[in-house]
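Dear colleague,

I am handing over the structure we spoke about, and below it I have set out what was found in it. Please read the notes with the model open beside you.

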Amino acid sequence: MGVNELTELTIHKASSLLAKRVISSSELVDAILDRILETEDTVHAYALLLADSARGAAKKVDTELASGCWRGPLHGIPIGIKDVCHIMGVPTKAGSRVIRGYVPSYDATVVRRLREAGAVIVGKTVTHEFAYGLNFPPTRNPWRTECHPGGSSAGSGVAVAVRSSFGAIGTDTSGSIRNPAAINGVVGLKPTYGRVSRYGVIPLSPSLDHVGPLARTVEDCALILQAIAGFDPLDVGSVDCSVPEYTKDLGFGVHGVRLGIERDYFFSENVIGDVKDAVNTAVRDFEQLGAVLIEVKMPELAFMPPVGLTFQLVEAAEYHRHLLSNRGYAYEPATRLMLELGQLVPATLYVSAIRARALLGNVMKGLFRKHHLEALITPTLPTPGVPIKELSVALFERNGKTSLGKYIQNTVPANVTGQPAISVPCGFSKDGLPIGLQLIGRPFEESTLFRIAHAYESLHHWHARRPEPQAKT
Amino acid sequence: MTSEEMTPSAVRLLAALAHAPILTEDLEPLAQALRDYLGSMAFLEQLDLTDSELAVWFDPRWE
């Protein structure tokens with residue numbers, strides 16, 4: 001098989017070929033490294049390549065496979081890791097000059113679990129500074145290089161889209177997995193709060209932080225989640241809850257599944273026509289597949305962004321307090337400004353946000369129970385990728401430029417409530433940029449989200465389209 | 001102090017009282033950001049939190 005054929009494989013298919021020893025992990029890793037060579041000058045998805053260690057790990061995998069040892073679907077599969085997750089002996093830069101030179105002496109739990117599952121770590125993917133999403137990293141949108149690549153897991157989304165990784169790990173505090181998934185035309189899952197350990201991952205806002213997978217297909221996301229999910233006593237937010245087999249019900253379809261549509265908030269005036277059209281078409285597709293669509297109301301959704309913002313401002317500022325004192329000049333100005341702002345937020349507002357979060361969670365639970373919903377269906381983002389020159393890193397709209405803050409409106413509710421949420425490609429804008437739809441589910445019912453998303457994905461195969469990034473001349 | 005009164009000099013004073021390290025060059029944009037933030041948070045006052053108690057989880061056990 002050639003490089004293109006190998007990198008075009010899904011994790012599921014590659015795994016099957018590896019298990020039968022039709023291909024080797026070394027061939028997969030070499031193909032990925034070749035693809036990185038082809039694309040990286042244009043898209044800059046990787047902060048650091050681990051080519052030698054990846055080749056070494058792949059050789060070890062091939063020896064294991066030759067001896068009849070197969071650890072599971074990720075055995076021998078090349079994976080990228082967002083550069084806020086620690087890998088023992090490998091620098092964590094978190095997209096910042098502030099912690100330059102820091103080399104962790106341990107693996108993050110998510111990395112350790114991927115290694116145990118036999119995955120091969122090929123590199124660290126680019127993140128916005130400390131995953132805050134407020135600066136413009138070098139990563140470029142492979143569908144149109146002048147457009148924003150999404151974030152903060154920008155490198156993870158782009159690497160998966162251009163096939164320079166089979167899957168990747170991202171983090172999501174207000175949408176940072178689902179946002180680059182939607183913008184780059186791939187699948188991204190923010191699991192339930194507590195489902196995947198954050199131990200060894202640089203925190204942004206521990207009340208809202210999640211770790212999760214990005215991949216080309218829903219099934220591949222499920223396979224990665226299977227490897228990384230589960231209780232970890234080293235993460236205070238981890239929940240001791242059994243982990244089901246995520247691919248078991250994947251093909252069960254959506255007949256009779258009840259999906260809620262809330263239009264006042266999720267389809268607000270911020271959402272452009274192309275996105276509304278694509279998601280509304282998907283809604284009709286779901287009806288054709290036998291799902292029951294129910295129009296619902298939840299006016300309290302409007303409180304989600306200020307609640308999420310308050311958690312994020314205060315908790316990030318607290319974590320960075322000493323670094324800000326000693327190395328404030330080394331931060332990107334927009335990141336520093338938000339960290340400084342977080343120090344000035346009244347403590348009473350933070351307490352109000354905690355109380356509001358509990359209330360909003362109860363309202364959401366009531367909504368799901370009243371209508372017997374399996375999920376809410378929403379646009380992931382209000383627009384597809386936007387030209388970087390039209391974006392502002394300011395918290396609110398300024399000088400006619402779109403604030404990056406606008407992009408969290410539809411994603412942040414699931415961070416506030418802790419519900420699982422997945423973004424799946426649902427079409428393209430008139431000018432050829434990917435659009436994502438989001439499904440928000442019940443806590444710890446990622447399996448249901450995978451089943452619903454897989455049923456939709458099987459209809460259209462949007463995920464099979466591949467960007468061919470061209471350097472801007 | 002209202003959000004409109006959040007001037008750069010007010011921010012400087014606030015930061016000093018809070019022992020918050022803030023670069024001088026950031027005072028102007030920070031005043032603007034704080035005005036924006038406090039303005040947006042006024043909206044949260046409309047949410048009735050009467051029946052939502054502060055959920056503090058604390059386990060005093062030693063193991």
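In helix 5 of chain A, the residues A:Thr109, A:Val110, A:Val111, A:Arg113 and A:Leu114 are buried, where buried means under 20% relative accessible area, exposed means over 50%, and partly exposed lies in between (1.4 Å probe, protein chains only). Helices (H or I, at least four residues) and strands (E, at least two) are DSSP runs, numbered from the N terminus. The cover over these buried residues of helix 5 includes strand 2, strand 4 (167-172), strand 6 (210-215) and helix 8 (218-228) of chain A, with contact taken as heavy atoms within 4.5 Å. Helix 5 of chain A is followed by A:Gly118, which has a positive phi, near 90 degrees.

Please keep in mind that this is a predicted model, in which local features need pLDDT of at least 70 and side-chain atom pairs count only at pLDDT 80 or more, while totals for chains, interfaces and linings use all residues. Residues are numbered from 1 along each chain as its sequence is written, chains are lettered from A and ligands numbered from 1 in the order in which they are written, and side-chain values use heavy atoms, with hydrogens and water left out.

Next, the interior of chain A. A:Val122 lies in strand 3 (residues 120-125) of chain A and counts as buried because its relative accessible area is 0%. Leaving aside neighbours within four places in sequence, its contacts include A:Ile32, A:Tyr46, A:Ala51 and A:Ile79; A:Val122 and A:Ala51 are 71 residues apart in sequence, yet their C-alpha atoms are 6.2 Å apart in space. A:Asn415, in helix 14 (residues 412-417) of chain A, is likewise buried, with a relative accessible area of 0%, and among the residues in contact with A:Asn415, beyond those within four places in sequence, are A:Asp172, A:Lys190, A:His210 and A:Arg357.

The largest nonpolar core has 153 residues, of which A:Phe286 and A:Phe450 touch the most other members; such a core is a set of buried Ala, Val, Leu, Ile, Met, Phe, Trp, Tyr and Cys residues joined through side-chain atoms within 4.5 Å. A second, separate core of 7 residues includes A:Ile177, A:Ala181, A:Val186 and A:Leu214.

Turning to charged pairs, the structure holds 23 salt bridges over all chains, a salt bridge being a side-chain nitrogen of Lys or Arg within 4 Å of a carboxyl oxygen of Asp or Glu. A:Asp83 and A:Lys124 form one of them, at 3.0 Å from N to O; this pair links distant parts of the chain, with A:Asp83 in the loop between strand 2 and helix 5 of chain A and A:Lys124 in strand 3 of chain A, 41 residues apart. Both A:Asp83 and A:Lys124 are buried. Within helix 3 (residues 25-43) of chain A, A:Glu38 and A:Arg35 lie 3 residues apart, about one turn of the helix, and form a salt bridge whose closest N and O atoms are 2.7 Å apart. Of these two, A:Glu38 is partly exposed at 48% relative accessible area, whereas A:Arg35 is buried at 2%. A:Glu38 and A:Arg35 also belong to a network of salt bridges that includes A:Glu8, A:Arg163 and A:Glu468.

How many residues does each chain give to the contact between chain B and chain A? Chain B gives 31 residues and chain A gives 32. The area buried between them is about 2800 Å², of which carbon and sulfur atoms give 73%; buried area is the accessible area (1.4 Å probe) that two parts lose on being put together, summed over both. B:Pro21, B:Tyr37 and B:Leu47 supply 22% of the area that chain B buries against chain A, more than any other three residues.

The count between chain B and chain A is 2 salt bridges, and A:Arg336 takes part in a salt bridge with B:Glu25, the closest N and O atoms being 3.4 Å apart. A:Arg336 is one of the buried residues of helix 12 of chain A. Helix 12 (residues 333-343) is largely enclosed by the rest of the structure, because 10 of its 11 residues are buried, and what covers those buried residues includes helix 11 (304-327) of chain A together with helix 2 of chain B.

With best wishes
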